[in-house]
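Dear colleague,

I am handing over the structure we discussed.

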Amino acid sequence: MSVDANWWEHFFEGLPVKLWLEALSHEHTQSEADAIARWLSVQPGADLLDVPCGGGRLSLALAERGYRLTGVDVSREFLEHARSCDDADRVSWEHREMRDLPWPGRFDGAYCVGNSFGYLDDEGNAAFLRAVAKALKPGARFILETPMVLENLLGHLQERPWWKVGEMYLLVSNKYDHTRSRLDIEYTFLSKGRSEVRHGSHQAYRYAELRQLLESSGFDVADATSWTRDAHSVTFIATRR
């Protein structure tokens with residue numbers, strides 16, 4: 001499988017955007033927003049950074065709770081949807097690559113959740129974490145949730161899983177390359193006789209490696225919940241030094 005290094009620049013267009021926007025329920029988003037607010041441990045009115053924000057579901061949910069949000073994403077289609085849902089202009093939407101965070105010391109908290117971490121190479125992922133640390137006030141927290149922890153990923157990785165979301169289907173072909181520690185993925189999106197194929201790639205890390213990467217980027221690190229091998233993702237609470 002051949003995957004461009006900058007695959008993420010044009011992945012989120014068309015059917016992938018439509019499926020991602022429909023994939024999670026309102027109830028799931030509200031529960032997730034509650035957890036993020038609890039882990040960040042800041043009061044309403046605090047400045048929060050959602051990076052990448054996708055279609056804005058968590059930015060909007062946290063804005064409803066009284067936080068001031070900045071949402072960053074590289075996908076124009078995601079941001080168009082986010083702005084269309086933000087009738088009260090409660091969120092500052094920024095079309096930027098996730099390492100481009102030009103707000104030193106501004107934010108009281110930040111988060112990167114879902115499968116959004118690991119798109120870049122090792123240096124790119126480290127640069128992203130350093131950029132987040134630079135954008136945070138000292139003592140502010142960063143929530144990083146990722147399924148790309150090898151001790152968890154390899155235990156439940158399926159070669160060809162599929163999902164149905166509304167009237168759409170997503171067919172996936174996974175190939176883990178142990179020489180690069182990357183999971184290369186072919187995605188096939190099907191909807192009403194239409195199909196689109198995308199390719200993506202995620203850098204995976206051992207648990208200890210990822211903790212060390214966060215620490216070397218300027219954070220003190222704790223687990224949001226106790227680690228278990230059966231978990232499908234790991235969530236870190238990283239506090240800016």
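**Helix packing**

H3 and H4 are roughly perpendicular to each other, a label that covers angles of 65 to 115 degrees (under 35 counts as roughly parallel, over 145 as roughly antiparallel, and the rest as oblique). Helix H3 spans residues 26–40 and helix H4 residues 57–64; they pack at an angle of about 65 degrees, with their axes 9 Å apart. Axes here are lines fitted to C-alpha atoms, for helices over the stretch in contact, and angles run from 0 to 180 degrees between N-to-C directions. Helices (H or I, at least four residues) and strands (E, at least two) are DSSP runs numbered from the N terminus.

This is a predicted model, in which local features need pLDDT of at least 70 and side-chain atom pairs count only at pLDDT 80 or more, while totals for chains, interfaces and linings use all residues. Residues are numbered from 1 along each chain as its sequence is written, and side-chain values use heavy atoms, with hydrogens and water left out.

**Salt bridges**

The count comes to 18 salt bridges, each being a side-chain nitrogen of Lys or Arg within 4 Å of a carboxyl oxygen of Asp or Glu. For burial, the terms are buried (under 20% relative accessible area), exposed (over 50%) and partly exposed (in between), with a 1.4 Å probe and protein chains only.

- Lys137 and Asp108 meet in a salt bridge at 2.8 Å, N to O. Lys137 lies in strand S5 (residues 136–146) and Asp108 in strand S4 (residues 107–112), so the pair ties together parts that are 29 residues apart in sequence. Lys137 is partly exposed at 31%, whereas Asp108 is buried at 19%.
- Arg99 pairs with Glu97, the closest N and O atoms being 2.8 Å apart. Arg99 is partly exposed at 35%, and Glu97 is buried at 19%.
- Glu196 pairs with Arg198, the closest N and O atoms being 3.0 Å apart. Glu196 is buried at 14%, and Arg198 is buried at 16%.
- Salt bridges that share partners join Glu94, Arg96 and Asp100 into one network.

**Surface patch**

Trp162, Tyr169 and Leu171 make a nonpolar surface patch of about 320 Å². Tyr169 is in strand S7 (residues 168–177) and is partly exposed, with a relative accessible area of 33%. Patches are made of residues with over 30% relative accessible area and no salt bridge; nonpolar side chains (Val, Leu, Ile, Met, Phe, Trp, Tyr) are joined within 5 Å, like charges within 9 Å. Accessible areas come from the Shrake-Rupley method with a 1.4 Å probe; for residues, only the protein chains shown count as cover.

Regards
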